[in-house]
Amino acid sequence: MPQIQLAVFDMAGTTIHDENSVAKAFQRALNLHGYPKVTLQEANEKMGYSKPQAIRDLLLIHEPDSDKITDSLIEEIHSAFVQGMLDFYANDPSIRAVADAEEVFEALQNMGIKVALDTGFSRDITDIILKRVGWADGRLVNASAASDEVPMGRPFPHMIQKIMAELGVTDPKSVIKIGDTEVDVNEGHNAGCLMSIGITSGVFSEEELIPHRPTHLAKNLKEVLQIVEAYELQTKS
């Protein structure tokens, strides 16, 4: 049984407090660009995906003329979403780490496990969030990957693979993935991770995550730490 070397966490909804602000901004950007029937539920279902891909998926539902679904339209909507998120994460007083996130990160590092973040956000939004919560100095978070830095975002494994290469981790069976959406769980599976843990306190409920076969379910980050501690104890016995 390999020891865990790396834990890759999602950001919004998993380690960063989110009051559905991401989905609301995503819905608003589409609504303002001529797609008023895009619902908040549809926006929520696309959380975790790279945002340009999510925009394309929703346009395929709401735009009957496929010729209008151009790269330039997707970029225009995405730019509006990014600007809204940049303003939000730079100024909104609600931005904070999820309870116990820093304690869990520190406990993992004390066990010799590197901590990383990946996200469906682009790098510009990611960096603002990291600065706002004080994680940009590399003390608690060893690496991060944004969806615009890889060929394809979640559920494809490229962000996990990028982080592994950066941190010198070669065996995906020494990596665990933690997130609150179906694409987080499937990203972990597609990367061949030892564990793909679903967090049920975010966008997706336990019932919605179970069909995607998470290796574990956790109500919060403290439970993730307990899962890791139990596994590490087992490997040593």
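The chain contains ten helices and six strands, both taken as DSSP runs numbered from the N terminus (helices: H or I, at least four residues; strands: E, at least two). The radius of gyration is 18 Å, close to the 18 Å given by the globule rule for 237 residues, so the chain is as compact as a globular protein of that length. Here the radius of gyration is taken over C-alpha atoms, and the globule rule is 2.2 Å times the number of residues to the power 0.38. The model is a predicted one, in which local features need pLDDT of at least 70 and side-chain atom pairs count only at pLDDT 80 or more, while totals for chains, interfaces and linings use all residues. Residues are numbered from 1 along each chain as its sequence is written, and side-chain values use heavy atoms, with hydrogens and water left out.

Along the principal axes, the C-alpha atoms of the chain fill a box of roughly 60 × 35 × 30 Å. Of the 237 residues in the chain, 51% are buried. Residues are classed as buried under 20% relative accessible area, exposed over 50%, and partly exposed in between (1.4 Å probe, protein chains only).

The structure holds 14 salt bridges, a salt bridge being a side-chain nitrogen of Lys or Arg within 4 Å of a carboxyl oxygen of Asp or Glu. One of them pairs Arg 154 with Asp 184, with the closest N and O atoms 2.9 Å apart. Arg 154 is located in the loop between strand 3 (143–146) and helix 7 (158–167), and Asp 184 in helix 8 (residues 182–190), so this pair ties together parts that are 30 residues apart in sequence. Both partners fall in the buried class: the relative accessible area is 4% for Arg 154 and 1% for Asp 184.

The N to O distance between the side chains of Lys 177 and Glu 187 is 3.2 Å. Through shared partners, salt bridges join Asp 10, Asp 118, Arg 154, Lys 177, Asp 184 and Glu 187 into one network.

A further salt bridge, between Glu 166 and Lys 162, has its closest N and O atoms 3.8 Å apart. Both residues belong to helix 7, where they are four residues apart, about one turn of the helix. Glu 166 is partly exposed at 47% relative accessible area, and Lys 162 is partly exposed at 28%.

Several backbone features occur in loops. The peptide bond from Arg 154 to Pro 155 is cis, with omega near 10 degrees; Pro 155 is in the loop between strand 3 and helix 7. Positive phi values in residues other than glycine include that of Asn 20, near 65 degrees, and that of Asp 100, near 75 degrees. Asn 20 is placed in the loop between strand 1 (6–10) and helix 1. Asp 100 is placed in the loop between helix 4 (71–91) and helix 5 (101–110), and is partly exposed, with a relative accessible area of 29%.

Helix 9 (residues 206–209) gives the most to the negative patch, with three residues. Glu 208 lies in this helix and is partly exposed at 39% relative accessibility.

His 33 is situated in the loop between helix 1 (21–32) and helix 2 (40–45). With a relative accessible area of 24%, His 33 is partly exposed. The C-alpha atoms of His 33 and Gly 202 are separated by 28 Å, the two residues being 169 residues apart along the chain.
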